[in-house]
Amino acid sequence: MKLKNKHIKWLKALFHLIAITPIVALVLLVMGDHVGGEPVEYIIHYTGIGALNALVLTLIISPLAKRFKQGALLQTRRLIGLYVFAYATLHILSFVALDLLFEWNLLWQEIINRPYIIVGALSYVILFLLAITSLNSVRRKMGKRWQQLHNTVYVAALLIPVHFYWSVKSEIIEPSIYIAIMLGLLALRLGQLAKQKTKHRPSSKHKVAASPLR
Amino acid sequence: MSHKFSKGIINKAWQINDNEVTPEPIFQDRRNIIKALGFGALGAALPTTSHAGIFDLFKDKKAASQFTTTPLSFISNEAFTAQDPLTPINKVTSHNNFYEFGTSKHDPVDNAQGFIVKPWQLIIDGEVDTPLTLDYDDLTKMIALEERTYRLRCVEAWSMVIPWTGFTLTSLLKKAGVKNGATHVAFETLYDPKQMPGQRNRRVGGGVAYPYVEGLTINEALNDLTFLAVGLYGKTLPPQNGAPIRLVVPWKYGFKSIKSVVRITVTKRQPATSWNKLAANEYGFYANVNPQVDHPRWSQASERRIGAGGLFSAKRIPTQMFNGYGEQVASLYQGLDLRKHF
């Protein structure tokens, strides 16, 4: 069965639901006193993991679309990508509001001094740029540069789990799994890129730019 | 500012003004948190029955019956009565680092309620005249108990103010008699993978090599501040806070204050310590609170003080050298480069 626009609509609604449910759950958990009397770290971690999970999901869409020949699936990526940005924003807001308690000077000091915060902040800059250029009108205006910019999502895909790994005291198993997943997803694309390059060797430069790494 | 409790001594930097003290706070109800989060309207809009229904989803976590704590008799040590406002008991007992029960702050309260402390055995051995074995009742009866309110500064840059009940380590070591030539004291937490999921499973336990071990120099151990707590807020310790007996070293980062101690060994060499074994570049043997020496990955210059109230009520305050206990302990480190020996 080929997915049609109607299906995509439902799929998008489902993705909205999947993305919003954890936030509702978080509010209930915190309100209900189910995550300890001081859930600051919990909230920061929860929203950060939310962003990471959404990022994994957006990066899984195109291999899935290719494997099952469901090109229409690609239409859902912007929605999920914007949720990555939304969760990352909540993550940073909770860090600033609940942990640093709006000590902007401390935030600045941490951003310039702590490698894991720098890596996180850089990733957020990327996500921010991708979010604000996600409108179709902007995309048309940007032309080829749009794809070049949006390929930086792969940089974020590596930086974000590294930020996670670097932030923990000793619980490195979970972040290591995320690093492995991201490397796997990138490897899939590198394979594709290599294929594209060999196929179109005579005009590779032009073709690669025009057929983006997806 | 009242000097009622300072017994004619001038108020010291580490003393907390007693007019800032809040009485033992009433267990904070859900409404306060809702309000603090700004979800008041949302909460009010939901009928109570639907509340119950939704919260039932998460009920399994609370299903385990609560560990029972019992009141202790003690005298209040007036040199250490409350200074800063106390951290409410519900936060002291639901925001813990005790990786043996999981690495999340709320894992210990969720996972430790079935912890068995009776019977218990605490062995004091090594370079002592008379090795001792204390059983559960000895912990609260062998030495007269006192209450002391100390600041607790976690290496993760948050802090609490907690009224502990217990006795000084030095009073216990005196009973055993420390031999000449002893240089250090080593401590060990219970190793019982059946009871402690973090010891069974590397992922749950955060990759720490168990049993958890800690250590002090002999002079640190004999310092009057170094405390063995058997209770908090006037009652025996709940398991998540290190029942039935734990160390409290208020001028050092919290991870030095080892929980659920089964062995105290006086030695002639510096013992291994758990976090130092795990990451020597981040956690030194001394681990004195020091706002000038940052953790490699975060600043130690300030701390988030956890007090009463909702999520946004915490305060960021400057961290004090030796957590404000320099008057009692700074002399222990004369001539020592605290940047090198962090």
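Start with the nonpolar surface patch. This is a predicted model, so keep that in mind throughout. The patch covers about 380 Å² and is made by Tyr165(A), Ile172(A), Ile173(A), Ile177(A) and Ile181(A). Which helix gives the most to it? Helix H9 of chain A, residues 173-199, with three residues. Ile173(A) sits in that helix. Its relative accessibility is 32%, so Ile173(A) counts as partly exposed.

Now chain A as a whole. The chain has 10 helices and zero strands. Read along the sequence, the pattern is α-α-α-α-α-α-α-α-α-α. The C-alpha trace spans about 60 × 40 × 35 Å along its principal axes. The radius of gyration is 19 Å; a compact globule of 214 residues would have one near 17 Å, so the two agree. Buried residues account for 44% of the 214 in chain A. Take the chain A contacts between residues at least 6 apart in sequence: 64% of them join residues at least 24 apart. The accessible surface of chain A is about 11500 Å², and carbon and sulfur atoms hold 69% of that.

The largest nonpolar core has 82 residues. Trp120(B), Ile124(B) and Ile264(B) have the most contacts inside this core. Strand S5 of chain B, residues 158-168, gives the most to the core: six residues. What does Ile124(B) touch, leaving aside neighbours within four places in sequence? Its contacts are Pro131(B), Leu132(B), Leu134(B), Leu172(B), Leu173(B), Ala176(B) and Ile264(B). There is also a second, separate core of 35 residues, with Phe15(A), Ala54(A), Ala156(A) and Met182(A) among them.

On to charges. The count is 20 salt bridges over all chains. Let me take three.

One joins Glu38(A) and Arg304(B), at 2.7 Å, N to O. This pair crosses between chains: Glu38(A) is in the loop between helices H1 and H2 of chain A, and Arg304(B) is in strand S12 of chain B. Are these residues buried or exposed? Both Glu38(A) and Arg304(B) are buried.

Another pairs Asp99(A) with Arg316(B), at 3.1 Å, N to O. Asp99(A) lies in helix H3 of chain A and Arg316(B) in strand S13 of chain B, so this pair also joins two chains. Asp99(A) and Arg316(B) are buried.

Then there is Glu214(B) with Lys256(B), closest N and O atoms 2.7 Å apart. These two are 42 residues apart, linking distant parts of the chain. Glu214(B) and Lys256(B) are buried.

Last point: shared partners. Salt bridges join Glu38(A), Asp99(A), Lys91(B), Arg304(B) and Arg316(B) into one network.

Technical notes
Residues numbered from 1 in each chain as written. Chains lettered and ligands numbered in written order. Predicted model: local features only at pLDDT ≥ 70, side-chain atom pairs only at ≥ 80, totals over all residues. Heavy atoms only, no water. Core = buried A, V, L, I, M, F, W, Y, C linked by side-chain atoms within 4.5 Å. Buried < 20%, exposed > 50% of the residue type's maximum accessible area, 1.4 Å probe, protein only. Helix = DSSP H or I, 4+ residues; strand = E, 2+ residues; numbered from the N terminus. Contact = heavy atoms within 4.5 Å. Patch = residues over 30% accessible without salt bridge, like charges linked within 9 Å, V, L, I, M, F, W, Y side chains within 5 Å. Areas by Shrake-Rupley, 256 points an atom, 1.4 Å probe, with all protein chains shown as cover. Salt bridge = Lys/Arg side-chain N within 4 Å of Asp/Glu carboxyl O. Rg over C-alpha atoms; globule rule 2.2 N^0.38 Å.
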